[in-house]
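Take a look at the structure below. The paragraphs after it go through it step by step.

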Amino acid sequence: MAMSGPKVTIEGDWRGGRAVKQAQSDLSIFERNVQGFNSTISKSFLGIGAAIAAGLGAAAYAAITFTKDAIGAASNLAESQSKVSVVFGDQARIVQEWAKSSALAFGQTEQQALEAAGTYGNLFQAFGLTRSAAQEMSMTMVELAADLASFNNTSIDDAIEALRSGLSGETEPLKRFGIALNDNRMKAEALALGIYDGVGALTAAQKAQAAYAVILNDTKLAQGDFERTSDGLANTM
């Protein structure tokens, strides 16, 4: 008796998560059917041996687990796309197209790149920067995180978090990546950028722009390292 394997297709518009929710509903129905199927094949193969029946049941449940993971990934991607759409508005399409090449360009999944960009973009706008500036700076920070992780043999998540902390004023996490961020340097950088007159404290927007400039200046050696070493085992993995 020939039996075809399970096939699950997830397609549709991600907005509102309709396609993902439908896939989750379909998978629940499929899982209940597999339970009934396993009971049937267990009885059918009693004469041949319990091992065969158990193997068929295990294969069916492996397929369900794989499909659940795939649907979960699709759900996460939809959530990150929605976040980017809200954060960047008219600029969102640029970020979404950029993220599609993230795996080859800087070693992250599309969802990871979108999630990180959305987080940075929200932060930059909270500091008072425009959507356009936040979009460009966020994409640069995500790409830089991949280079820092590659150059310093650490995870991209660690680099993303360190950069986020630095932009928020927590300078200690950046030191491990060779970035010396302090108030005097930020004031000097803000003065050089023409966004500060040298009097008083920096505003939140001035600090963000100055910190961004200092970070880019101090990471020149690391910039482009992911691409330079992309054939290496760690980056290939």
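Which handedness does the crossing of α5 and α6 have? It is right-handed. Keep in mind that this is a predicted model.

Stay with this pair for a moment. Helix α5 covers residues 110–126, and helix α6 covers residues 131–152. Their axes come within 8 Å and cross at roughly 135°. The two helices are therefore oblique to each other. On the α5 side, the contact is made by Ala 113, Ala 116, Ala 117, Tyr 120, Gly 121, Phe 124 and Gln 125. On the α6 side, Arg 131, Ala 134, Met 137, Ser 138, Met 141 and Val 142 take part. Sorted by class, the residues of this contact are nine nonpolar, three polar and one charged.

Ser 138 sits in helix α6. Is Ser 138 buried or exposed? It is buried, with a relative accessible area of 0%. Set aside its neighbours within four places in sequence. Ser 138 is then in contact with Phe 88, Ala 117, Tyr 120, Gly 121 and Phe 124. Among these partners, Ala 117, Tyr 120, Gly 121 and Phe 124 belong to the α5 side of the helix contact.

Helix α6 has another partner. It packs with α3 at an angle of about 20°, and the axes are 10 Å apart. How are α3 and α6 oriented, given that angles under 35 degrees count as roughly parallel? They are therefore roughly parallel to each other. This crossing, too, is right-handed. From α3, Ile 94, Val 95 and Trp 98 meet Gln 135, Met 139, Val 142 and Glu 143 of α6. By class, that contact has five nonpolar residues, one polar and one charged. Val 142 of α6 meets α3, and Val 142 is also part of the contact with α5.

Now turn to α3 itself, which spans residues 92–99. Which of its residues are buried? They are Ala 92, Val 95, Gln 96, Trp 98 and Ala 99. These residues cover an arc of only 160° around the axis, which puts them on the same side of α3. Val 95 and Trp 98 are buried, and both meet α6.

Follow the chain past α6. Asn 153 lies in the loop between α6 and α7, the latter being residues 156–167. Most residues other than glycine have a negative phi. Asn 153 is not a glycine, yet its phi is positive, at about 55°. Asn 153 is exposed, with a relative accessible area of 69%.

Helix α8 spans residues 183–193, and helix α9 spans residues 204–218. They pack at an angle of about 100°, with their axes 8 Å apart. That makes α8 roughly perpendicular to α9. In α8, the residues involved are Arg 185, Met 186, Glu 189, Ala 190 and Leu 193. They meet Lys 207, Gln 209, Ala 210, Ala 211, Ala 213, Val 214, Asn 217 and Asp 218 in α9. This contact has seven nonpolar, two polar and four charged residues.

Finally, step back to the whole protein. How many helices and strands does it have? There are eleven helices and zero strands. Of the 237 residues, 36% are buried. Residues 24 or more positions apart account for 60% of them.

Technical notes. Residues numbered from 1 in each chain as written. Predicted model: local features only at pLDDT ≥ 70, side-chain atom pairs only at ≥ 80, totals over all residues. Heavy atoms only, no water. Axes fitted to C-alpha atoms, helices over the stretch in contact; angles between N-to-C directions. Helix = DSSP H or I, 4+ residues; strand = E, 2+ residues; numbered from the N terminus. Parallel < 35°, antiparallel > 145°, perpendicular 65-115°, else oblique. Left-handed = near helix turned anticlockwise from the far one by under 90°. Contact = heavy atoms within 4.5 Å. Nonpolar A, V, L, I, M, F, W, Y, C, P; charged D, E, K, R; others polar. Buried < 20%, exposed > 50% of the residue type's maximum accessible area, 1.4 Å probe, protein only. Arc of directions from axis to C-beta.
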